[in-house]
Amino acid sequence: MSTTHSKLAKKFLENQQYADWHDSTFWGLRMKRDKMARELPEWEQLRNKASEIKRHTLTNIDIYLQKFADAAEKNGVEVHWAKDAEEFNEIVYGILKDNNAKKMVKSKSMLTEECDMNPYLEARGIEVVETDLGERILQLAHQRPSHIVVPATHLTHDDVGELFEKELHTKKGEHDPTYLTYEARLSLRDEFLTADAGMTGANFGIAETGDIVVCTNEGNADMSTSIPDLQIAAIGLEKIVPDYECLSVFLRLLARSATGQPSTTYTSHFRKARPGAKKMHIVIVDNGRSKWLADDDHWETLKCIRCGVCMNSCPVYRWSGGYSYSFFIPGPLGINLGMLHDPKKHSGNVSACTLCLGCQGVCPVKINLGEQIYKWRQTLDGLGVANPQKKMMCKGMDYVFNNPSVYNFATSSAHILNHLPSFIVNNGLNPWAYAHKMMKFPKKPFHNEEES
């Protein structure tokens with residue numbers, strides 16, 4: 001059974017100063033996105049085009065997957081197919097074992113987070129080193145990401161400084177971000193030089209050429225693939241796009257939506273193993289995706305390009321933090337993905353939505369995220385996880401709204417509650433009383449045309 005989002009959000013809000021900072025930080029990213037969108041007159045055309053490309057590719061995914069695999073194999077790449085997380089982890093471990101690899105450096109990959117790859121490999125004697133700075137911080141802190149683009153943003157520079165003192169033996173009390181970044185680079189440089197294998201995720205896979213495309217701001221993907229002799233790329237099957245012309249549409253949308261940049265600092269293309277290195281491997285992962293593609297109500301979630309703008313726009317995420325969600329991806333996207341993975345386990349997240357639909361209004365590929373969350377809510381009773389209080393309230397509202405005389409009496413007499421002492425209305429029995437005060441009811445309902 002899922003832990004309800006509201007309980008975890010209440011814990012997050014105990015530190016109001018931090019909650020204010022969290023809200024302003026992500027709203028700032030959203031504002032940068034809006035500025036970028038306004039600077040491109042063709043912005044909405046790009047969104048429409050991106051949505052159409054994704055719809056076309058996903059509805060013909062069998063064709064494009066085979067085309068991608070064939071092109072990659074012609075480039076000398078060994079392509080593997082994983083039906084689920086267990087098979088994916090087994091394949092990666094098998095590649096490492098066959099090549100006597102004991103240490104692997106990897107760039108950021110939400111797919112490996114989804115499949116719990118790191119603990120699987122570590123339990124079998126493989127050292128895995130995250131090389132994205134945010135992910136490395138979280139790995140040292142034994143925490144999961146709180147956002148898909150800026151995963152360690154919930155930690156202050158003092159938090160990171162204290163962590164580095166313990167794990168990297170940095171100067172005590174020296175928490176300047178520039179210094180901490182420098183020390184992280186020194187530490188990671190040694191990891192790159194001593195690794196036997198490197199792994200990347202994939203932002204896109206190009207069906208026409210068999211390329212893996214990775215977008216980063218730190219260059220760690222390039223370091224992970226240019227130094228170790230063995231290269232592995234992990235890609236969810238939904239990341240395939242037809243060709244470079246289609247890729248150009250997504251590249252104009254991705255960084256602008258995610259961080260308000262015209263482009264990421266590095267957009268790296270990997271087609272084959274570099275000269276002198278061992279073979280490059282690509283693992284294409286399903287892990288439920290083909291099943292979701294057949295779901296008429298929720299297949300559009302697979303259009304996602306992982307920009308995170310839905311989280312930056314969501315008032316609930318901004319005021320409750322990433323750890324208030326039970327799924328490892330938070331926000332509107334995470335609510336939908338969590339329900340696709342395990343609806344009973346992650347049902348407690350579907351209440352974390354005001355249905356403002358702001359998320360789908362800014363989504364670069366126009367996923368109907370809010371509408372999907374509404375549909376998930378309609379399934380809760382059938383799953384046996386509906387909130388009893390809400391069910392009772394809905395029955396009461398149904399009775400009131402279907403009986404005009406009762407409705408008219410309730411609305412015309414509601415103002416009497418204004419005269420009750422505050423402690424009677426604003427107490428623990430009234431959930432609205434937490435962080436709110438009861439509204440004042442008007443003496444005359446808005447639908448009453450009679451004069452006061």
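Q: Okay, so a strand here is a DSSP run of E, at least two residues, numbered from the N terminus. Where is the place of H80, then?
A: H80 has its place in strand β1. One thing to keep in mind is that this is a predicted model.

Q: Thanks! Is H80 buried or exposed?
A: H80 is buried, because its relative accessible area is 14% and the cut-off for buried is under 20%.

Q: And which residues is H80 in contact with, leaving aside neighbours within four places in sequence?
A: With those set aside, H80 is in contact with I91 and I95, and also with H281, I282, V283 and I284.

Q: Let's zoom out to the sheet. How many strands form it, and in what order?
A: The open sheet is formed by 6 strands, and their order is β1-β10-β7-β4-β2-β3. The pairing is parallel.

Q: Which strands stand at the edges?
A: Those are β1, residues 78–82, and β3, residues 127–130. Each has a single partner strand, so one side of each is left without a neighbour in the sheet.

Q: By how many degrees are neighbouring strands turned against each other?
A: On average by 20 degrees, with direction ignored.

Q: What packs on the sheet?
A: Helix α4, residues 61–74, packs on the sheet and touches β1 and β10 (280–285). The direction of helix α4 makes about 145 degrees with that of β1.

Q: Could you take me to β2 and β4: over how many bridges do they pair?
A: Over 3 bridges, in the parallel sense. Strand β2 covers residues 103–106 and strand β4 covers residues 197–200. Within this pair of strands, K106 stands opposite M199 in β4.

Q: New topic: P332. Where is its place?
A: P332 is found in helix α16, which spans residues 331–341.

Q: Buried or exposed?
A: P332 is buried, with a relative accessible area of 4%. Not counting residues up to four places away in sequence, P332 touches C310, M311, C314, C359, L369 and I373.

Q: How many residues apart in sequence are P332 and V350, and what about in space?
A: They are 18 residues apart in sequence, and their C-alpha atoms are 8.8 Å apart in space.

Q: On to aromatics. How many aromatic pairs does the structure hold?
A: It holds 7. One of these pairs is Y317 with Y325, which is tilted, at 6.4 Å centre to centre and 35 degrees between the planes. Both Y317 and Y325 are buried.
A further tilted pair is F401 with Y407, at 5.9 Å centre to centre and 55 degrees between the planes.

Q: For F401, is that residue buried or exposed?
A: F401 is exposed, at 53% relative accessible area, whereas Y407 counts as partly exposed at 24%.

Q: Which residues form an aromatic cluster?
A: F12, Y18 and W21 form one cluster.

Q: What about charges over rings: which ring does the charged end of R124 sit over?
A: It sits over the ring of Y120, 3.6 Å from its centre. K54, for its part, lies over the face of F250, 5.8 Å from the ring centre.

Q: Last one: which domains is the protein chain divided into?
A: Domain 1 has two segments, 4–31 and 295–383, domain 2 is 60–290, and domain 3 is 388–451. Between domain 1 and domain 3, the C-alpha centres lie 29 Å apart.

Key
Residues numbered from 1 in each chain as written. Predicted model: local features only at pLDDT ≥ 70, side-chain atom pairs only at ≥ 80, totals over all residues. Heavy atoms only, no water. Pairing = 2+ DSSP bridges. Helix = DSSP H or I, 4+ residues; strand = E, 2+ residues; numbered from the N terminus. Axes fitted to C-alpha atoms, helices over the stretch in contact; angles between N-to-C directions. Contact = heavy atoms within 4.5 Å. Buried < 20%, exposed > 50% of the residue type's maximum accessible area, 1.4 Å probe, protein only. Phe/Tyr/Trp six-rings, centres within 6.5 Å; stacked < 30°, edge-to-face > 60°. Lys NZ or Arg CZ within 6 Å of the ring centre and 35° of its normal. Domains from an automatic or database assignment.
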